[in-house]
Amino acid sequence: MAGKTLSARLIEDHLVEGRARAGEEIALRMDQALLQDILGTLVMLELEAMGVERAVPQPTVQYIDHDLVQQGPLTADAHRFLKSACERFGIWYSGPGNGISHPVHMEHFGVPGQSLVGSDSHTTAAGSLGMLAIGAGGIEVALAIAGEPLVLQMPRIWGVELTGHLPEWVSARDVALELLRRHGVAGAKNCILEFYGPGVASLSAMDRHIIANMGTEMGATTSVFPSDDNTRRFLAARGRETVWQPLCADSDCVYDLHEQIDLSALEPLIALPSSPGNVVPVTEAVGAPVYQSYIGSSGCPGYSEFATVAGILDDRPSAEGVSLDINPSTRQVLGAMIESGALARLIQAGARIHQAGCNGCIGMGQAPAQGQNSLRTVPRNFPGRSGTPEDSVFLCSAETAAASAITGTITDPRTLDIAYPRVAEPDRLPAADAGLKAPAGLRGAARPELAISDNTPPLPALQPLPDSLDVPILLTVGDDISTDDIMPAGTAIPYWCNVHASARFLFAPIDAGYPEKAADVVDAGGHAIVGGDNYGQGSSRENAALVPALQGLKIVVARSFARLHWQNLVCFGVLPLSPADETAARRLEAGGRLRFDDIHGQLAAGNTVSAHLDDDPIALVHELTDRQRELLRMGGVINRIKQQRIEADGAA
């Protein structure tokens, strides 16, 4: 009998329901949970709506890392609300300036072998420590906080064997880009990327963070690395070595899928606008003018990346006209940069230093000039995500971004006439506990009230999916529509905690008239949307499903869905379907009206749903489980949990 992969062992250790067979629905116990601020507010409102009193997974941590630009009171009001919610529900609070949730969580709470669910798709980064770390919609994180298991489709386990060592001027970022070059933005859907092999030992924990972080851009459920001496070294540098344990796959395990990457053969890569999957060698892009070189984010979080950039720029100022933006990832990393002198060297090179947080990665500050090239070490370059409409964003390594900042054009860093300043992580990093508040014990004490403002109204009730529908197709979109397209970030972020105010931003990059059209038919039964392949890719933001649902979205028919958004739609009572064949797909693109009869009976009877497009029959298909069909019948997961609690109270 073959041995076990590390991923299979982690799943087995946390499995509470189902069979761990690829494609089957499973339920996993979550040891930890994390929230980021722009979705955390909705999660807290969901917890209140469900009647939850205290977070079950410990630690559960609320991070303030996205909405940091305080142009008016909305952002500060949201921070105050979240702090009060942490006190009410017994949740850790990481305040503004502490840094990006993923590296901060690794620093303070990462434990090899434990499970973690987060309301951010890049939660997968914690797989770098040998954790089972999964990004999910906020409503699923709310359920986990309430003590419910995380339910998902059992992924296939994809073994990625790493051999060799990275050459000079090539970094872990190029490993992630190489996988995207090979497989594109949906190539690892419903898969776990498990990295193993002799090349893993040459990668630090933060190198692994970069790779695990960007596995999400391939649609992966998560990424997993072994826990080894490099993991122990990372934890020891932060005074947490006692939580370390060794973890690895059995030598005779068999993967569902397999491939190999020779690290020694890699070269600097770059993703051209406007998709993480549009990857080419840097040599194919050299010479293009650069307006901005942005270094930081959860896709480039380690001290060594910033220190390497400081070494490249030492006595070499950035070119005239180039905005060199340095975005430290955590307070701890920023402290190490100060202690080593790296921060001073960056400032002397002309860098603009921003507060520790997501910032420009999510379009909150550092938006580039329109029509100008921006080189970024962030995970995504979807159109407009930078905060600038019709932007031109390239994704690359810190080395390529630094070299290009010096020359003013996209530059292969190997052509610089300097020695490569390879920098290792420090053996000890400065403590950075300021702004991190542990939950207080609530036994016998009155629970604090939520600091509600006009921008944090309670959630309206969602209605069950009716048994019969006759709705217009209000919007038809193409392939790879992202949640950034559905619910834009940037200047809209301060309104995300208000499901009413944020509705006006829906689909703004695609059809600015959508909110008004949806409002016109919401009382007449709602509407449908038709999409192409990989509908809902990118961020796990649940408001890209919740807010359209509140605006009357009943049905989304797409050729295929991104995993997270598909789950979010069902959780908020929206039915995701796909055309049964190519003929049906082409017919749907023309718009019209969709009519359904006996929806719930058809869903229960099998995977095919018969409908009418205008007056003609059309065949559609679904992949819903019994549990998900029940969610649609009840109007979503909030209604289900409320009903369960009412029944439990009645029984008591």
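I started with the open sheet of 7 strands. Its order is β14-β13-β19-β18-β15-β16-β17, and the pairing is mixed. Strands count as paired if DSSP finds at least two bridges between them. Helices (H or I, at least four residues) and strands (E, at least two) are DSSP runs, numbered from the N terminus. I then checked the edges: β14 (279-281) and β17 (352-353) each have a single partner strand, so one side of each has no neighbour in the sheet.

This is a predicted model, so I note its limits: local features need pLDDT of at least 70, side-chain atom pairs count only at pLDDT 80 or more, and totals for chains, interfaces and linings use all residues. Residues are numbered from 1 along each chain as its sequence is written, and side-chain values use heavy atoms, with hydrogens and water left out.

Inside the sheet I looked up β18 (residues 373-376) and β19 (residues 392-396). They pair in the parallel sense over 4 bridges. R376 has L395 of β19 as its bridge partner.

Next I took β6 (residues 115-118) and β7 (residues 132-135). This pair is parallel as well, over 4 bridges. S115 is bridged to L132 in β7.

I moved on to helix pairs. The axes of α2 (residues 37-50) and α3 (residues 73-89) are 10 Å apart, at an angle of about 45°. Axes are lines fitted to C-alpha atoms over the stretch in contact, and angles run from 0 to 180 degrees between N-to-C directions. Residues in contact (heavy atoms within 4.5 Å) include M44 and L45 in α2 and F81 and L82 in α3.

For α6 (residues 172-183) and α7 (residues 205-215), I found axes that come within 8 Å and cross at roughly 25°. That makes α6 roughly parallel to α7 (under 35 degrees). The contact is made by A172, R173, V175, A176, L177 and L180 of α6 with D207, I210, I211 and M214 of α7.

Last, I checked α19 (residues 626-634). Its buried residues are Q628, R629, L631 and L632. They fall within an arc of 155° (directions from the helix axis to the C-beta atoms), so they line one face of α19. G635 follows α19, with a positive phi near 90°.

Conventions: Buried < 20%, exposed > 50% of the residue type's maximum accessible area, 1.4 Å probe, protein only. Parallel < 35°, antiparallel > 145°, perpendicular 65-115°, else oblique.
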